[in-house]
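Please open the model in a viewer and keep the selection tool at hand.

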Amino acid sequence: MISVIISEENILENKIIIDEKGDVNHLKNVFRVKIDEKVRAVDGEKEYLCRVAELDKKSVTLVIDEIFEDRFSTKVKIDAAIGILKNDKMDLTIQKLTEIGINKIIPLSTKRGVAKVSEKKDKWDLIVREALKQCQGVKPLIIDEVTKIEKLKLEDYDLVIVPYECEDEYTLKNLLRKQTKELKSVLYIVGPEGGFDIEEIEYLKQKGANIVTLGKRILRAETASIVVGGVLINEFQ
């Protein structure tokens with residue numbers, strides 16, 4: 001089903017007015033929607049199943065048939081702190097983590113990072129928006145401002161996980177098996193293409209982070225980000 005992203009301002013009683021130029025163009029000229037065709041709208045909290053009621057030059061009006069609370073997000077909030085990757089790799093990581101249901105990405109400025117980015121890029125939010133439409137989610141992934149490892153608020157999380165290529169015994173599987181208390185928030189931290197500096201790992205250890213191995217193969221940063229995210233989503237959904 002076609003999905004559009006809306007805000008509260010778009011909702012008028014039992015109708016939704018789509019007036020954002022790009023969305024109107026997609027609905028009318030790309031998807032070629034017709035009167036009474038079903039369209040799905042999300043506002044970050046709820047899901048609206050609708051029918052097309054009017055097709056005007058600058059807007060599309062939907063009639064709401066059903067409203068659902070978010071049925072797609074996990075109860076445990078899973079955030080990912082990712083060492084900033086080169087353009088296409090960072091874009092891919094953001095897209096895939098949106099698709100699988102990660103709550104937030106915190107872009108990390110690290111010592112060995114190859115990509116030198118000092119602030120959040122506008123296009124990252126656009127990637128999230130388009131990926132959310134495709135995956136039929138409700139709540140968009142949040143992209144935080146660029147930060148350094150020592151600025152991470154690790155104390156806000158019930159569990160902090162750091163995959164590290166130099167760890168060879170303690171696995172993510174073993175760590176998850178040991179969890180006996182109910183978790184509300186999890187953070188996993190993945191290094192950039194150049195990996196973590198040993199001082200960064202030691203700092204994270206001192207702060208209570210769990211250093212784990214993902215196996216004998218050395219994964220690319222974007223691969224590790226997606227794999228760990230997928231394992232955690234599956235564990236806590």
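Begin by selecting residues 46–55 and 60–69: these are strand 5 and strand 6, which run antiparallel and are joined by 9 bridges. Strands here, like helices, are DSSP runs numbered from the N terminus (E, at least two residues, for strands; H or I, at least four, for helices), and two strands pair if DSSP finds at least two bridges between them. Within this pair, Val 52 stands opposite Leu 62 of strand 6.

The model is predicted, so local features need pLDDT of at least 70 and side-chain atom pairs count only at pLDDT 80 or more, while totals for chains, interfaces and linings use all residues. Residues are numbered from 1 along each chain as its sequence is written, and side-chain values use heavy atoms, with hydrogens and water left out.

Next, widen the view to the open sheet, in which 6 strands with mixed pairing follow the order 1-4-5-6-3-2. Strand 1 (2–5) and strand 2 (11–12) are the edge strands; each has a single partner strand, so one side of each is left without a neighbour in the sheet.

Now select residues 22–64. An unreviewed UniProt entry annotates this span as "domain: Ribosomal RNA small subunit methyltransferase E PUA-like"; such annotations may be inferred rather than shown by experiment, and their positions are given in the numbering used here, with feature names shortened. The span is 21% helix and 47% strand, and its end C-alpha atoms lie 21 Å apart.

Move to Arg 71 and Glu 47, whose side chains meet in a salt bridge (2.6 Å, N to O), that is, a side-chain nitrogen of Lys or Arg within 4 Å of a carboxyl oxygen of Asp or Glu. Arg 71 lies in the loop between strand 6 and strand 7 (77–83) and Glu 47 in strand 5, so the pair ties together parts 24 residues apart in sequence. Arg 71 is partly exposed at 48% relative accessible area, whereas Glu 47 is buried at 3% (buried: under 20%; exposed: over 50%; partly exposed: in between; 1.4 Å probe, protein chains only).

Then select helix 3 (residues 122–135), where Glu 130 and Lys 133 are 3 residues apart, about one helical turn. Salt bridges that share partners join Asp 23, Arg 129, Glu 130 and Lys 133 into one network. Glu 130 is partly exposed at 38%, and Lys 133 is buried at 16%.

A last stop is helix 2 (residues 87–100), in which Glu 99 and Lys 96 are 3 residues apart and form a salt bridge (3.5 Å, N to O).
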